[in-house]
Amino acid sequence: MKRNEPLINLFGLILIILLAVLVYLALTDSGQGLTMLSADLEQRVSYSYLLKNVTAAGQTENQHGQAEVILGREDYENGAVNIVTAIVTDYRMLDTFGEILVLFAASAGVGLLMVERKRGKAKEASEIVKTAVPIIILFTLITGFYIISHGHLTPGGGFPGGAVIASAFILQFLAFQKSSRNKVFKILESLAGIGLLAMGLIGLYLEGSLFANFLPNGSLGATISAAGIMIIYALIGIKVAAELSSISADFIGE
Amino acid sequence: MNREVVILLFPILAAFMIPAGTIISQKFGRLLSPLAYVAGIIYCLLLMPMIMVRSRSVIIGNWLPPFGINLFFSPLTLGLVLFIFLLALFILLFDLRNTESKKGQYYLLFNLLVTASAGLILTGDLFNIFVFLEIAGIASFSMIAAGRSSAGGLSAEYSKSAEYSKSAQSPQGAQSPQGALKYLIQAQLTTLLMLGGIALLYSATGVLNIAFLSSFEALKSSFAFLTLLLILLPIFLESKLFPFNSWVGGAYQGAEPSLAAALSGIAGTAAALVLARLTLTMMGSSSAFAAASEKIRVLLLLLGAASILIGEGAAFREKNLKKVLAYSSIGQMGMVVVGISIANTDAVRGALFLLLSHGAAKVLLFLTAGFFINKAGTPFWKDMKGLARRMPLAGAFFIIGAMALMGIPLLSGFWAKLELIRGAVTAGGLAGVAVAAILLATILEGVYFMRIGHSLFEEGGITDEGGVLKEDKIRYNAAYLIPCLALALSLIAAGLFPDLINTWLSSAAHELLNSQTDYTGLILKVGGGL
Amino acid sequence: METMLFILSAFSLILTGLFGVLTRKNLVKILLSLNILETGINLLVVSLGYFKGGKAPILTNSVSAAQGINFVDPLPQALVLTSIVIGLSTTALALTLILKHFRSHQAVEFVKLEVNE
């Protein structure tokens with residue numbers, strides 16, 4: 001099948017320019033009404049997330065009766081200073097749960113489609129690599145655990161931390177040519193998933209809503225605070241690490 | 001208590017248990033999954049009396065909308081969840097015996113597809129729709145790619161035969177994920193654009209909740225049109241609307257019959273309901289999108305009418321039985337979209353009725369087609385001459401399904417199309433185009449299903465050649481009989497007593513059309529202000 | 001002003017990706033274009049939550065509404081986190097499919113299937 005490449009490119013270019021003009025016109029229309037960026041921070045739902053006064057929605061005060069958040073005070077909503085974390089693991093937990101299901105589906109899909117093949121003899125890794133890798137893995141794992149356990153305080157959390165931990169396993173695969181420990185990952189996948197569901201159901205039983213926070217929030221900004229978020233992020237971290245490791249094990253096995 | 005939400009968790013729990021369970025036995029997923037749906041259906045029925053009295057907005061994490069995510073339980077949504085759970089159960093029962101053992105991951109993905117479809121039906125949050133669309137998408141791509149291409153579900157005898165192994169070696173006949181890849185690229189492109197649309201809408205209003213968005217002050221007309229179009233793109237794709245349906249043929253051809261049934265019956269139903277939710281509840285009587293809603297509606301009507309004609313035309317010309325059914329799905333979904341775009345009580349009720357009737361009939365047809373393809377060893381209906389003579393019961397199922405799709409009186413499709421056309425005639429104007437398209441499509445459907453039926457019941461043919469078809473008598477196993485019998489009987493029952501369904505659908509249509517009282521009002525009252 | 005600059009670059013990435021998806025033939029290039037498009041969308045989402053002079057949404061000091069809250073919008077960032085993970089999942093799956101396609105057709109382009117005849 002012969003394709004006329006320049007003509008297709010030109011056609012694509014014209015189409016793209018046309019689209020760009022249309023989008024520009026739509027976004028800069030001078031008519032009446034709301035348009036892009038017309039909501040200020042005060043008018044967005046995030047304003048309440050930042051002030052931690054979602055429970056007292058509609059008022060400016062949070063449960064302490066103040067329109068302010070003071071570090072170190074006890075028992076603010078979910079107790080996380082990192083507001084993105086608070087949104088991901090608490091306010092919009094169902095989205096995050098869905099996100100985990102997406103990763104779970106992708107890992108299962110890759111496992112379903114990849115056929116394990118007999119590979120030719122790969123070149124052995126050199127002695128230097130073999131000596132260095134365990135040390136690097138140790139530090140990688142520590143970094144991963146650190147990122148997971150500080151998700152409520154600093155940028156990070158279960159997803160990046162899980163990815164870092166998975167990278168340690170990938171390193172191990174590459175250096176030692178070991179066949180994957182797929183069974184362990186499978187069991188971890190299941191257990192972490194069921195653990196997350198259990199967290200949700202305990203919340204439903206104790207607080208009357210799925211994924212409701214039922215653990216003490218601690219003082220805002222302390223290292224050990226926001227117990228609910230720490231546990232959820234730990235489970236997410238295990239799950240993500242297991243999924244990513246099993247995806248890469250499937251890719252390496254192919 | 002918000003314990004209604006547990007309904008989503010049955011298939012998820014089954015999915016989570018499968019990776020570990022597969023280590024014990026490869027059959028784990030196949031045996032566990034039906035149980036999850038039995039439990040889910042029982043739970044649905046327990047919830048039904050309470051929800052029938054009063055619709056409820058269920059919150060997640062104790063955060064009221066618009067800050068948290070809410071799921072909306074009403075007679076419409078709970079009924080549809082029950083419907084797709086039933087279809088899922090039937091499809092899994094069929095899988096128990098009729099296909100060679102699939103891997104555990106297949107059932108995991110199947111459960112996720114059903115979860116995502118149920119989530120799409122229930123959710124009241126725009127970004128949540130995006131997430132559930134992605135879950136459904138990824139599950140479908142992988143399952144389609146895992147199926148055997150073209151022939152799909154071949155019998156063991158045939159796959160061992162010389163012909164098959166020859167074709168498996170040649171590049172054309174081998175397993176090919178081409179259909180899945182096309183679907184993936186198109187679906188990914190549109191869902192990403194949807195995310196852009198959601199972000200634009202959020203930056204204008206500051207909320208993501210459908211009920212809150214619909215009661216916002218007016219958006220600029222062109223901005224509203226742009227964001228709505230971006231947000232609706234993946235829904236157009238999933239409901240197989242005209243310019244976005246080039247993936248349908250390849251994907252359905254590659255899928256196993258039971259998966260094709262799931263895609264059209266379960267995922268299709270969910271997509272159509274999201275379309276109704278967005279175009280009727282969010283856009284319909286709202287202040288925010290008033291400026292753009294008329295344009296979107298005309299667009300939907302024209303695209304719907306075009307996909308009716310194109311889908312049925314393609315089905316008319318197709319030789320591959322599964323592709324015929326897939327293309328007729330395009331036409332039927334086009335009718336549903338037309339009904340939603342007309343937006344009066346009759347048309348919406350007709351569209352919902354057609355959605356249910358089409359879902360059940362398509363599952364019946366795909367399962368029966370799978371049975372035929374399996375026995376005949378060929379995917380082309382012309383080569384199945386006389387097959388139904390040897391299997392009169394399966395033949396009867398096929399005819400019942402086909403007649404329900406066509407809309408022969410005394411079957412469910414008839415009442416659905418009647419309501420739809422009545423609504424379109426009341427609306428007048430452009431809807432006349434749709435009436436003409438539906439009538440023409442019905443004639444086309446009649447002709448091609450008649451041809452297939454004739455070929456199936458023709459004398460002579462495949463039985464005399466021996467070879468592929470074993471001489472010993474054909475036995476139906478319970479795994480095939482029970483789902484198909486239930487589906488066929490329900491199609492007939494819905495045709496004989498349409499009032500039973502119509503009373504339920506009237507309240508459903510009322511919910512979609514009067515969102516102020518039946519949807520937005522309920523959520524706004526519970527949720528806090530902004 | 002900065003916001004407009006971000007949005008402009010986001011749109012140029014989106015359009016570049018769209019151009020690639022529409023015109024390329026090689027499946028890997030189509031996938032790369034999709035990833036460019038995804039980056040553009042993510043940038044768009046984040047920049048729609050940007051406010052001039054806003055800080056990262058982590059409470060390092062006590063804040064109060066009276067003194068004004070000077071943060072960028074955290075919600076789009078949370079949405080982008082979700083979107084990144086979803087993008088990763090689809091990319092992994094798409095690569096698997098392309099690999100499978102390559103194994104059966106020895107091509108990284110769509111081929112015409114002649115199974116029907």
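I count a contact where heavy atoms lie within 4.5 Å. By that rule, 39 residues of chain B and 36 residues of chain C make up their contact.

I noted the ground rules next. This is a predicted model, in which local features need pLDDT of at least 70, side-chain atom pairs count only at pLDDT 80 or more, and totals for chains, interfaces and linings use all residues. Residues are numbered from 1 along each chain as its sequence is written, chains are lettered from A in the order in which they are written, and side-chain values use heavy atoms, without hydrogens and water.

**Chain B with chain C**

I looked up the buried area (accessible area, 1.4 Å probe, lost on putting two parts together, summed over both). Chains B and C bury about 3,400 Å², 78% of it on carbon and sulfur atoms. I found zero salt bridges between them; a salt bridge needs a side-chain nitrogen of Lys or Arg within 4 Å of a carboxyl oxygen of Asp or Glu.

**Chain B with chain A**

Here 59 residues of chain B touch 62 residues of chain A. The buried area is about 5,200 Å², and carbon and sulfur atoms give 72% of it. On the chain B side, F16(B), W63(B) and F67(B) lose the most area to chain A, together 17% of what that side buries.

How many salt bridges join chain B and chain A? I found one. D125(B) pairs with R92(A) in a salt bridge, with the closest N and O atoms 2.7 Å apart.
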